[in-house]
Amino acid sequence: MRTFAVINQKGGCGKTTVAINLAAALGELEKKVLLVDLDPQCHASLGLDIPYDSVEHTTYDLLRDPRIMVADVACELGDHLDVVPSSPVLSAVEQELAGREGREMRLASKLARVGAEYDYVIIDSPPSVGLLTFNALMAAGEAIIPVEPSFFSLQGLEKLRETLDLLESETKHAVQIRILVNNIEKQTTFCREIVSELERRYRDEVLDAMISHSVRYKESAMRGVSIFGIPRSDRLQWEYLTLARELDEKTSLIYTEDIGGWMERLHGPRVLREGVLFTLDAPGAANVRLTGEFTGWSSEGLHMARDGGDGLWKVTVDLEPGEYEYRFIVDGVWIKDPRNVDSVLNEFGQENSLLIV
Ligand SMILES: Nc1ncnc2c1ncn2[C@@H]1O[C@H](COP(=O)(O)OP(=O)(O)O)[C@@H](O)[C@H]1O
Ligand SMILES: [Mg+2]
């Protein structure tokens, strides 16, 4: 599974149009695609005729509720495309999650559990660099940046690169940049100049495929379909197919095999054949215990053993499939699992870690 975040802090540069039509083009190539609408303006959902007021769950629930999984929110649109619709309430998420640990990993955490069901995940993001865009970037291996051939776009691109560099130095999560020239009128000298300037500055990051200007994109959005649903658009469809093939031939930084590693980093305990392995890194601790619903929340809990000379404490517990809340007790202090982004508030207003087996 490869994940693309379609990003650009500039509104109206074609993020949603690219997300929808690239998803459709990859579908034409028989790839299974998940399109995630991460913009509270819901343009991708509306552009594919999914009204947010008629669906039960949206990206808002996916980010907010640890029990809601991608399969609970995805709407099927034909054999090759599933869409997670958005909702205007998504704009409240930034405030609601303020100060919460791991808040920028919420989407990555859900996508890490999807497995090999999809070949591609495409995330449409809002025109600002806030929590939602960081969620898109942390979940993605590649960022597709649509740019219009204009002087201001070049400036914007420079700022976006700084943001991505900062993200990499802060989180060690690298995202491969793919610049897509959109809305181009190839015949003009000005366009050609801008494109060669882009290629001079960004070299391999600029995709060979480019997308022409056409009123048909407005028309297709209005009709709630991709360009593949508009008759007599062969040339435009061909451009998107060329883009899809080019991307499909490139290799990505994050491979499906890595998802195993992500699972652990994001969800703490590992479900193994012999039971669920809980681990906690606490080199300075003298006594570590695990307690939760499965021990009746006893303060005795289950004894965790120090693994060799390093500070990793371990215990394996036999658990039936289901949901379990738990905490660690480190030298008498109750803490949540620092390696698990899934948690729920308990009656004392503290967070219990949540494990779904
Ligand atoms: N290649 C294109 N040719 C003509 N119009 C386009 C093209 N790409 C996007 N548009 C139009 O530009 C407007 C903004 O595009 P949109 O995808 O919504 O941008 P964003 O998601 O970045 O805000 C829309 O009306 C869309 O139909
Ligand atoms: Mg948009």
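Student: What phi does Asp331 take in the hairpin of E15 and E16?
Tutor: Asp331 takes a positive phi near 45°, in a hairpin that has two residues between the strands. Keep in mind that this is a predicted model, where local features need pLDDT of at least 70, side-chain atom pairs count only at pLDDT 80 or more, and totals for chains, interfaces and linings use all residues. Residues are numbered from 1 along each chain as its sequence is written, and chains are lettered from A and ligands numbered from 1 in the order in which they are written.

Student: How many bridges join E15 to E16?
Tutor: Three, and the strands (E16 is residues 333-335) run antiparallel. Ile329 stands opposite Trp334 there. Strands pair if DSSP finds at least two bridges between them; helices (H or I, at least four residues) and strands (E, at least two) are DSSP runs, numbered from the N terminus.

Student: Which residue of E15 is the bridge partner of Leu290?
Tutor: Phe328. Strand E11 (residues 288-292) pairs with E15 (residues 323-330) in the antiparallel sense over five bridges. E15 also pairs with E18 (residues 351-356), again antiparallel, over four bridges, with Glu325 and Leu354 as bridge partners.

Student: New topic: what is the strand order in the open sheet of four strands?
Tutor: E9-E10-E14-E13, with antiparallel pairing. E9 (270-272) and E13 (305-306) stand at the edges with a single partner strand each, so one side of each has no neighbour in the sheet.

Student: Now helices. At what angle do H1 and H11 pack?
Tutor: About 75°, with axes 9 Å apart, for H1 (residues 15-28) and H11 (residues 234-249). Axes are lines fitted to C-alpha atoms, for helices over the stretch in contact, and angles run from 0 to 180 degrees between N-to-C directions. H1 and H11 are therefore roughly perpendicular (under 35 degrees counts as roughly parallel, over 145 as roughly antiparallel, 65 to 115 as roughly perpendicular and the rest as oblique).

Student: And is H7 buried or exposed?
Tutor: Eight of the nine residues of H7 (residues 131-139) are buried, so this helix is largely enclosed by the rest of the structure. Buried takes 20 or more other C-beta atoms within 10 Å of a residue's own, exposed 12 or fewer, partly exposed in between, with C-beta atoms placed from the backbone. Phe134 and Met138 are among the buried ones.

Student: Last one: which residues come nearest to ligand 1?
Tutor: Gly14, Lys15, Thr16, Thr17 and Asn183, of the 17 around ligand 1 (near puts the C-beta atom, placed from the backbone, within 6 Å). H1, E7 (176-184) and H10 (216-223) each give two or more residues to that shell.
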